[in-house]
Amino acid sequence: MTIAADAKELQEDIVRLRHDLHREPEIGLQLPRTQEKVLQALDGLPYEITLGKETTSVTAVLRGGAAHASAEKPVVLLRADMDGLPVQETTGVDYTSRVDGAMHACGHDLHTSMLAGAATLLAERRDQLAGDVILMFQPGEEGFDGASYMIKEGVLDAAGRRADTAYGMHVFSSLEPHGQFVTKPGVMLSSSDGLVVTVLGAGGHGSAPYSAKDPVTAAAEMVTALQVMVTRQFNMFDPVVLTVGVLHAGTKRNVIPETARIEATIRTFSEESRRKMMEAVPRLLHGIAAAHGLEADVHYQEEYPLTINDENETTTAEKVIAGMFGESRHTRMATPLSGSEDFSRVLAEVPGTFVGLSAVAPGADHTASPFNHSPYAMFDDGVLTDGAALYAELAVSRIAALAGN
């Protein structure tokens, strides 16, 4: 039987695991109940298991048993993130989150259950594998940089040598029709950085602003000036996205506060624009503060780098998708997405690619469905076995090619 056919036989188990994970979402780097469920799914399979020291990560290595013609035994890494989000679920599904204020609103429960399904499919083909497979079950993708912890603890070299290639997958609750795979070579996802600004003034009475140093008006000017800067200092064909999500100052309408606070997210699509933003933003904000006779503490926080897909590995993944599911099931994206991923850290070390998969319900309007991170975001179980099969097939076919078999 084919891997896709065998995956269909595992559908009940994969769906059950997904629902169990969905009911008990955990946030951040410490996901003990999630880790326990992953270990239960791997129990009895011939994997070498290593648990994270600083996080509740799970690294599982499958040693292939077939001979290989290459100088070194090939190694392929497959990654799934496991953490949820601080979102109150309102989907109404019968397996809805039982944890108040937490939800698998980005589909990581699907990623984890698909990779667990792939673990079984690969274990059944162990004797045919002329190389090793690393399964990377990662916590803390949602703003905690879990990938960096796992890399520091050796996940890329878990098989005894550096992985030759790496593949990751991410489901979407909108954008594309049900079951559609998407990817692109080069930059697929933007970098993500944080901006935290404290405007330092001097408090006073609202009736006498001349006797105080008002940080509020300066902060308001900063918000609009940042948007103008993006349109005047950066090439529109190398876009920059800057969104202020926090603007806070004061306690009462007739009191001029001591400080005002701004927090923003910054997305760029080239390393050149990213470095330029790191210089331009503090210069602009310090200048505005100085013009008002104020000071500003500006913290530009580097977060996730660009997610850059290797061209050869992306072409390989596209061919595998077409061979398994048909040409119509794959779309090459015309432009990157402005979301960000810490799988970018893996791809910065190992050539590989990141594949998107639409989990929109069959027949639903994918252009109007709530997107990832929404409390209404829904992900259809129908894509689970296809995702598990693709994970497994990518490892099997890539190992065969690298082994020269």
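**Helix and strand packing**

Tutor: Helix H2 (residues 11–23) and helix H3 (residues 32–42) have axes that come within 10 Å and cross at roughly 170°. That makes H2 roughly antiparallel to H3, a label for angles over 145 degrees, with under 35 roughly parallel, 65 to 115 roughly perpendicular and the rest oblique. Axes are lines fitted to C-alpha atoms, for helices over the stretch in contact, and angles run from 0 to 180 degrees between N-to-C directions. This is a predicted model: local features need pLDDT of at least 70, side-chain atom pairs count only at pLDDT 80 or more, and totals for chains, interfaces and linings use all residues. Residues are numbered from 1 along each chain as its sequence is written, and side-chain values use heavy atoms, with hydrogens and water left out.

Student: Which residues of H2 and H3 meet?

Tutor: On the H2 side they are Leu 17, Asp 20 and Leu 21, and on the H3 side Thr 34, Lys 37 and Ala 41. Contact means heavy atoms within 4.5 Å. By class, that contact has 3 nonpolar, 1 polar and 2 charged residues.

Student: What about H4 and H10, at what angle do they cross?

Tutor: Roughly 50°, with the axes of H4 (residues 108–123) and H10 (residues 384–403) coming within 8 Å. H4 and H10 are therefore oblique to each other. Their contact includes Leu 110, Met 114 and Leu 121 of H4, and Leu 384, Tyr 391 and Val 396 of H10. The residues there divide into 13 nonpolar, 4 polar and no charged.

Student: Which residues sit on each side of S5?

Tutor: Thr 165, Tyr 167, Met 169 and Val 171 are on one side, and Ala 166, Gly 168, His 170 and Phe 172 are on the other. Both faces are covered. In a regular strand the side chains alternate between the two faces of the sheet.

Student: How many bridges join S5 to S16?

Tutor: 7, and S5 and S16 (residues 352–358) run parallel. Met 169 has Val 355 in S16 as its bridge partner. S3 (residues 75–81) also pairs with S5 in the parallel sense, over 4 bridges, and Val 76 stands opposite Thr 165. Pairing here requires at least two DSSP bridges between two strands.

Key: Helix = DSSP H or I, 4+ residues; strand = E, 2+ residues; numbered from the N terminus. Nonpolar A, V, L, I, M, F, W, Y, C, P; charged D, E, K, R; others polar. Buried < 20%, exposed > 50% of the residue type's maximum accessible area, 1.4 Å probe, protein only.
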